[in-house]
Amino acid sequence: MGKIVIDNSRCKSCYICTETCPKNLIKKSNKTNRLGDYMVEFEDSRGECIGCAMCAKRCPDMAITEVWR
Amino acid sequence: MQQVFSIPKSIKKDSKYTFCPGCDHGIAIRLLCEVIDELGIQDKSICATSIGCSVFLYDFIDVDCIEAPHGRALAEATGVKRACPDKVVFTYQGDGDFASIGLAESMHAAFRGERVTALMLNNTTYGMTGGQHGPTTMMGQITTTSPTGRNRDYYGYPAKMAEQLALIDGCAYSARVALDSIPHINEAKNAIKKAFQVQLSGIGLGFVEILSTCPTNWKMTPEEAHVRVRTDMVKTFPLGVFKDLSEGGK
């Protein structure tokens, strides 16, 4: 089991993370951040995240600031 | 639980990237900072920055930086390294800065075998000024100043810097990497680290060409741009290590 921390003030909504997550746990959100971008949100109600950190490694804006495993 | 990823220490606290959404500069800067942290060289590193999108590096990296005139980053890096040989000196340039405006400075730094590290991001276009045709624009690629696509008769062929530098005796390490997928990102980090290690062991110039995207000027989504890197760009710019004079290298 793992978890990630997203800093939505950094996110620019490129959605690379949503394509990258092997468990499809990162989804587009309806909320916007201060830049007016539709943010992403991490939903893991069933504890599926494996903490692989692929999302964080591919995020061009370092918006995924922490990965725990 | 154990933390397996965090923001590198050599990134300035609370700094936020100002690049376009999906721009690979962000990944390249993070890898650079991770290497600086792992080698423990933050307090003795000096960066000669360039002109272009890559110039924003000094807003985000917490090491000393010196601004160079367009294309002259390796000339400035030469001066800094010769004045302070105990420092770790590197440049962070785009393809227009390194391979066009600064081609003479870049090549001669390699001819002289300067003990510095040069990183060049290749996004096949002049990103900051609106996506004009550059030295690394691929054959057939449409840009704002090559509206019918690059062709041999009018524009000639793209510059392949990693192969060129590998032919120069003073260059100790030359590699081309990409940032489009996790395996390539991991390889890119290893190559950047090697380019610093050849400087630290005093063998010669370490050079890494990093294939990156420019979704804004390519008029693609970030994911489409990465697909272009792995399908089109790698055909023109094959990935790999072209020269490695370090211990255990080829």
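Colleague: Which residue in E5(B) is the bridge partner of Tyr92(B)?

Modeller: This is a predicted model, and what follows is computed from it. Strand E4 (residues 88-94) of chain B and strand E5 (residues 117-122) of chain B run parallel and are joined by five bridges. Within that pairing, the E5(B) partner of Tyr92(B) is Leu119(B).

Colleague: Which strands stand at the edges of the seven-stranded sheet in chain B?

Modeller: The sheet is open and its pairing is mixed, with the strand order E3-E2-E4-E5-E9-E8-E10. A strand at the edge has a single partner, so one of its sides is left without a neighbour in the sheet. From one strand to the next, the twist averages 15 degrees. The edge strands are E3 (64-67) and E10 (240-244) of chain B.

Colleague: Which residue in E3(B) does Thr49(B) stand opposite?

Modeller: E2(B) has pairings with E4(B) and with E3(B). With E4(B) the sense is parallel over five bridges, and there Cys47(B) has Phe90(B) as its bridge partner. With E3(B), four bridges join the strands, again running parallel. In E3(B), the residue opposite Thr49(B) is Glu67(B).

Colleague: How many of the five residues of E2(B) are buried?

Modeller: Buried here needs 20 or more other C-beta atoms within 10 Å of the residue's own. By that count E2(B) is mostly covered, and the number of buried residues is four.

Colleague: In the sheet that draws on chains A and B, which residue of E1(B) stands opposite Glu66(A)?

Modeller: Three strands make up this open sheet, in the order E1(A)-E4(A)-E1(B), with antiparallel pairing. E1 (3-6) of chain A and E1 (3-6) of chain B are at the edges; each has a single partner strand, so one side of each lacks a neighbour in the sheet. Ignoring direction, neighbouring strands are turned by 10 degrees against each other on average. Three bridges join strand E4 (residues 64-68) of chain A to E1(B), and the residue opposite Glu66(A) is Ser6(B).

Colleague: What is the handedness of the crossing of H1(B) and H8(B)?

Modeller: The axes of H1(B) and helix H8 (residues 182-200) of chain B come within 9 Å and cross at roughly 50 degrees. This angle makes H1(B) oblique to H8(B). The crossing is right-handed.

Colleague: Which helices do the buried residues of H3(B) pack against?

Modeller: In helix H3 (residues 73-83) of chain B, the buried residues are Ala73(B), Leu74(B), Glu76(B), Ala77(B), Thr78(B) and Lys81(B). They pack against strands E2, E3, E4 and E5 of chain B, and against helices H4 (95-101) and H5 (103-111) of chain B.

Technical notes
Residues numbered from 1 in each chain as written. Chains lettered and ligands numbered in written order. Predicted model: local features only at pLDDT ≥ 70, side-chain atom pairs only at ≥ 80, totals over all residues. Pairing = 2+ DSSP bridges. Helix = DSSP H or I, 4+ residues; strand = E, 2+ residues; numbered from the N terminus. Axes fitted to C-alpha atoms, helices over the stretch in contact; angles between N-to-C directions. Buried ≥ 20, exposed ≤ 12 C-beta atoms within 10 Å, placed from the backbone. Contact = placed C-beta atoms within 7 Å. Parallel < 35°, antiparallel > 145°, perpendicular 65-115°, else oblique. Left-handed = near helix turned anticlockwise from the far one by under 90°.
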